[in-house]
Each structure stands twice: as structure tokens, then as C-alpha cells.
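Here is a short briefing on a protein model. Look at the structure first, then read the points below.

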Amino acid sequence: MNTPSAPLPGGTWTLGDSSVTRFGYGAMQLAGPWVMGPPADHDGALAVLREAVSLGITHIDTSDAYGPRFTNELIREALHPYPEQLFIATKVGATRDAQGGWPTARRPEDLRKQVHENLGSLGVSNVTGEQVAEARSIAPIVCVQNMYNLAHRHDDDLVDHLAADGLAYVPFFPLGGFTPLQSEALSQVANRLEATPMSVALAWLMHRSPNILLIPGTSSTAHLRENIAGAGLALSDDDVAELDNIGH
């Protein structure tokens, strides 16, 4: 692995048995059409993954929903030189069905068995605070992954609760997802800092709580570097106070 030119913003967090960089990388944008299967640009996808590792990122997030060829083959091809330095979080899904039950082989009890056998650590996604408590009563978890960003703050209490217990919170759609964040206050802070609104939004998340692990995705190495720089922006107390008002 190349030595990164500068430390990644936010330092590290202990996720299960691994110490990972709080600034990570989400691989969703590398998958094929409709977020399924191999990427259209295979070499470009490999380049982004390898750039992420070369920059010092040790937390790569992917999902079995993208398809086994993507999850297994591409990730292995890109990262096989340095598996001991990475925490690869592969989501396998533990979502209730319409009747409130757990699908076959996706119940927390079954996932707990998989953790003991080969997964290493268990996280939950798209869950309420009550469901987090239920999951923790069944098996130890190391993180929660829900939608959360500057404008969608419904999990504020959960973020703080998990931080107090030493558990990570990993926001997906940190920049708004399919509807990028837009706010007059966000634009004003960005203009004052001579930065982009998306950079400020990432910096706010990094500032929000030390247990927040960022996994912004991109299919561009240049954009990956921009995201890292953005997350490292220094925000003043006044900046933070102004931004905090956006989601309330």
C-alpha cells in the first residue's frame, strides 16, 4: 500500500475487532445498472477502489444486493494485495417482512451464527431505535447504518445513544442520495468557506459525533479526493450552529 500524503479526516474508530478510518468508502456507485452486477467500466471501478486504499481508507462498504460477481469478484480483485489492512463491510440484510417476521436465513439468530462462523462482526440497517435494542438483545452489533444527513436528522437521539455505548453510526445518503442536499444556509456557509455545499455537508457529519463513520460513494478518483478534502474542512462554532438549524 502507498503511504497516504496526509491523514484522513476524523481519525479512526474501533469497529468490532478492527480499527478503521472514520472516512470510508461506499461501493454502491461502482455497481452496474440499477445498482446490480458488474460495473460498466471494470478498470475504472478497480482504479477507484485501489485509490481509496492508497489514500489510507481502511473501511470499504459493499452489499450482497449488488450481486455476487460484484461483491465477491471485483472487491477481491481490487483489494487482494492488502486484505489484512481493511475492514470490508458486506451487508447481507436483516429486514422484516410485511407480517413482521424475519425472512429465511436473514433472522438475527441466523446472522449471529454467520458472525461466529465467518463474518466477524454484525451491523443492522434501516432500523428504528426499538429494533436496534431488539437486535442487541439477540446478538452483539458493532454499527447501525441508516439514512442520515444534514437535512434528515430523525436519528439524532440514536446517534447519541450509540456513541454513549461505543457503537458506530454509518449514515447512508450522507449527501442526500438521489436528491442532493439544498439549503440556503448550507450555501451561505459554503460560500463563506470558499467550499462546495457537499464538502460542508460531509464536514458537518464528521463534526457531528465521533462515532459517525462516513462512506460517501463515487465512481471517480478525483471526486473521491474532493470528498476527503471536504470532510476535512474546519468548521467554526458559528458555522456548526448555523448548519445545525437546517435539520430542525
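Tyr148 is buried (under 20% relative accessible area, with exposed over 50% and partly exposed in between; 1.4 Å probe, protein chains only), because its relative accessibility is 0%. This is a predicted model: local features need pLDDT of at least 70, side-chain atom pairs count only at pLDDT 80 or more, and totals for chains, interfaces and linings use all residues. Residues are numbered from 1 along each chain as its sequence is written, and side-chain values use heavy atoms, leaving out hydrogens and water.

**Aromatic rings**
- The whole structure holds three aromatic pairs (ring centres within 6.5 Å, using the six-membered ring of Trp).
- Tyr148 and Tyr169 have ring centres 5.5 Å apart and planes at 75 degrees, so they are edge-to-face (planes over 60 degrees apart; under 30 is stacked and the rest tilted).
- Tyr148 sits in the loop between β7 (143–147) and α5, while Tyr169 is in strand β8 (residues 168–172), 21 residues apart.
- Tyr169 is also buried, at 0%.
- Phe172 and Phe173 form an edge-to-face pair, with centres 5.4 Å apart and planes at 80 degrees.
- Phe172 is buried at 19%, whereas Phe173 is partly exposed at 23%.
- Ring pairs join Tyr148, Tyr169 and Trp204 into a cluster.

**Around Ala163**
- Ala163 lies in helix α5 (residues 156–164) (helices are DSSP runs of H or I, at least four residues; strands are E, at least two; both are numbered from the N terminus).
- Ala163 is partly exposed, at 28% relative accessibility.
- Leaving aside neighbours within four places in sequence, Ala163 is in contact (heavy atoms within 4.5 Å) with Ser209 and Asn211.
- The C-alpha atoms of Ala163 and Pro210 are 7.4 Å apart, though 47 residues separate them along the chain.
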